[in-house]
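Hi,

Here is the structure we talked about. Please have a look; my notes follow below.

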Amino acid sequence: MKKDTAATPGRLMPDLHALIRSQKTPKNYWELLRYLVMGGIGALSYLLFSNLYNWLGVATNLSPFCAWLSGLLIVYFGHMKFTYRVKARHKQMVFRFLVMQSYNLGMSTFATIAVKDWLHLPYFFASMAALATTVPVLFILGKYWVYQSD
């Protein structure tokens, strides 16, 4: 009698390993590099906008949110045209992008509060925790959900 391996827990691991191996292509490495470049541009725009709003007298607790809103278009179109190189399907992509960026804002805020206020570590460690909790998830959500190619 042949054993059914489709339902066994160990069956998932070879499939997961095969999926990971299939993603290790030069095309995907360049895509990851483009993602990091665009992410750097997005981070730079956030820093510039947040300091600009602060300089203009916007309340300190509102400057980051205003900067996040200001950088949304830069990041949306940058990832669409530069990182993932897909055709615009705005009806689908805009909603998904906003959901993804809401995760980004929420998780970054939570990580910052947890590390700085609860653990009493310097802000540098808080910002590193925010990056560590958002960047990998945002790449996966962007690639496989928001900007998925046809």
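Is Asn28 buried or exposed? Asn28 counts as buried, because its relative accessibility is 12% (buried is under 20% relative accessible area, exposed over 50%, partly exposed in between; 1.4 Å probe, protein chains only).

Before the rest, the ground rules. This is a predicted model, in which local features need pLDDT of at least 70, side-chain atom pairs count only at pLDDT 80 or more, and totals for chains, interfaces and linings use all residues. Residues are numbered from 1 along each chain as its sequence is written, and side-chain values use heavy atoms, with hydrogens and water left out.

Asn28 sits in helix α2, residues 26-55 (helices are DSSP runs of H or I, at least four residues, numbered from the N terminus). Its side chain makes a polar contact of 3.3 Å with that of Lys143 (a pair of N or O atoms within 3.5 Å; within protein, one must be able to donate a hydrogen and the other to accept it, and residues adjacent in sequence count only if both atoms are side-chain atoms).

Lys143 also forms a salt bridge with Glu31, with the closest N and O atoms 2.4 Å apart (a side-chain nitrogen of Lys or Arg within 4 Å of a carboxyl oxygen of Asp or Glu). Lys143 is in helix α5 and Glu31 in helix α2, so the pair ties together parts that are 112 residues apart in sequence. The structure holds 1 salt bridge. Lys143 counts as buried at 13% relative accessibility. Glu31 counts as buried too, at 7%.

Buried residues of α5 include Thr134, Leu138 and Phe139.

Thr112 belongs to helix α4. Thr112 is buried, with a relative accessible area of 19%. The C-alpha atoms of Thr112 and Ala130 are 6.1 Å apart, across 18 residues of chain.

**The largest pocket**

The largest pocket is lined by 34 residues (a pocket is an open set of points on a 1 Å grid over the protein atoms alone, where a 1.4 Å probe fits, with protein on both sides within 12 Å along at least five of seven lines; lining residues have an atom within 4 Å of a point). Ala43, Tyr46, Asn104, Ser108 and Leu131 lie nearest its centre. α2 gives the most to the lining, with 10 residues.

Best wishes

How values were computed: Helix = DSSP H or I, 4+ residues; strand = E, 2+ residues; numbered from the N terminus.
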